[in-house]
Amino acid sequence: MTSHPDSRDRCTGPDPFAGTIVLDAPGAVFAALPALLGFRPDRSLLVLALGARGTSGTIDAVMRHDLSFDAAGGIDGAARGALAHFGAVCVRDGARAVIPVAVHPDLGAPGAAREAFADLAAVFEDVLAPSGVEVPAVLFAAAIGTGERWYAITGPEDDVRGDDLGGEDLRGGVQSDPRNSAVAAAHVFRGRPLRDSRRELENLLEPRPDAVAAAELARLREAARGSGGDTDAAEARYVLDTVRRHARGGVVHPGRWARAGAALTRHRVRDAMLAAIDRPGCDGFWLELARRLPGRERAEAATLVAFGAYVRGDGPLAGVALAAALDAYPGHRLAAMLDTSLHAGVRPEIVAELADVGRQVAADLGVMGDPADG
């Protein structure tokens, strides 16, 4: 699976833990990042929006972009553009303060890092100053992990606690174990895994070694057409029955995977599945289906993975799933719409309204009760 050239992630509500983490030191920020994103960020430019919906010291949203440097050692144009975009999103959402965070192996030397980020706050100020949004600190580190150093370019000394590195606006400290943070504990309690890298997240959508080849899928599609499922209602019921079978540990043969995937290429069947985001077993089934089938079928299943992740506030997984969907089928309209919404910072509760559309379609097909079944 290839990645989008401008790899962006957004993690934002309705996750209650994202809105209740009080930040009293940069160490708390670095410890929280892996849990907030779902993976340990590396070579990343991140922006934390604070207090848009809570108090001024709580995280409301986290946005991430790949970070690289230009020939002169400064932040490259793509990262600067992302920074400006993130700032605009923060202004639009009413953030009270914003903290930019950079994580990159080249940032281990405070002097070089300070030079590289001397104008980062200025870039943000251009975007944020008219709205009164504050930038209390610019944080950076070579890596996220126990014992790694963090550094902060700050304003007043009281804004950030840490070691005095000899300059009134440069401070630093040592990171604690991210796995022991309150945020990590909350996420693990809820069953959300913490991954070591974004690549590990991408691997969730990698095609299986025994994935159905395109030629074989064409043959299975033909077989499916003669199986009696000639209406959207019948195919929706077939998909839901296959979800149940898979969730209960039953054997799902290649022909059944193929028919379920082909059913999702029917718009009304796929839309009805949008209503099943809380149904036990659906997330795992869509993920497995996306790994087993190529082309349009993979795109439909990956889009359903993305929709569920987006609504739960798991922007990184949503972004990875949407990249997989658009790689498999570039013309996929729903995936493209969700991808645009994710990059524009549209809030999950707005995107979740698509489930209402799904419920109406499911009712029209006569499968209204099925998405809620266990």
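Predicted model: local features only at pLDDT ≥ 70, side-chain atom pairs only at ≥ 80, totals over all residues.
Me: I have the model open and would like to start with strands. How many bridges join β2 to strand β4, and in which sense do they run?

Reply: When you look at paired strands, look for two things: the number of bridges and the direction of each strand. Here, 7 bridges join β2 to β4, which spans residues 97–103, and the two run antiparallel. For a landmark, find V47: its bridge partner in β4 is P100.

Me: In what sense do β2 and β3 pair, and over how many bridges?

Reply: β2 covers residues 44–50, and it pairs with β3 in the antiparallel sense over 7 bridges. Two pairs can guide your eye. L48 stands opposite V62 in β3, while L45 stands opposite H65.

Me: Which residues point each way from β2, and are they buried or exposed?

Reply: S44, L46, L48 and L50 point one way, whereas L45, V47 and A49 point the other way, and all are buried. With 7 of its 7 residues buried, β2 is therefore largely enclosed by the rest of the structure.

Me: Now for a helix. Which residues of α11 are buried?

Reply: A general idea comes in handy here. An α-helix has 3.6 residues a turn, so residues three or four places apart point the same way. In α11 (residues 282–292), the buried residues are C282, F285, W286, E288, L289, A290 and R292.

Me: What do the buried residues of α11 pack against?

Reply: They pack against α8 (232–247), α9 (254–264), α10 (267–273) and α12 (295–311). Take α8 as an example: V239, T242, V243 and H246 there meet C282, G284, F285, W286 and E288 of α11.

Me: Are α8 and α11 roughly parallel or roughly perpendicular to each other?

Reply: For this, look at the angle between the helix axes. Those of α8 and α11 come within 9 Å and cross at roughly 100 degrees. Angles of 65 to 115 degrees count as roughly perpendicular, and α8 and α11 are therefore roughly perpendicular to each other.

Me: How many disulfides does a search of the whole structure find?

Reply: First, the general idea: a disulfide is a covalent bond between the sulfur atoms of two cysteines. In this structure the search finds 0 disulfides. As for individual cysteines, C90 counts as buried because its relative accessibility is 1%, and C282 counts as buried at 0%.

Me: To finish, how many helices and strands does the protein chain have, and what share of its residues is buried?

Reply: The chain has 16 helices and 8 strands, and buried residues make up 52% of its 374 residues. Of the contacts with a separation of 6 or more, 72% come from residues 24 or more positions apart. The protein chain exposes about 15400 Å², and carbon and sulfur atoms supply 53% of that area.

Conventions. Residues numbered from 1 in each chain as written. Heavy atoms only, no water. Pairing = 2+ DSSP bridges. Helix = DSSP H or I, 4+ residues; strand = E, 2+ residues; numbered from the N terminus. Disulfide = S-S within 2.5 Å. Buried < 20%, exposed > 50% of the residue type's maximum accessible area, 1.4 Å probe, protein only. Contact = heavy atoms within 4.5 Å. Areas by Shrake-Rupley, 256 points an atom, 1.4 Å probe, with all protein chains shown as cover. Axes fitted to C-alpha atoms, helices over the stretch in contact; angles between N-to-C directions. Parallel < 35°, antiparallel > 145°, perpendicular 65-115°, else oblique.
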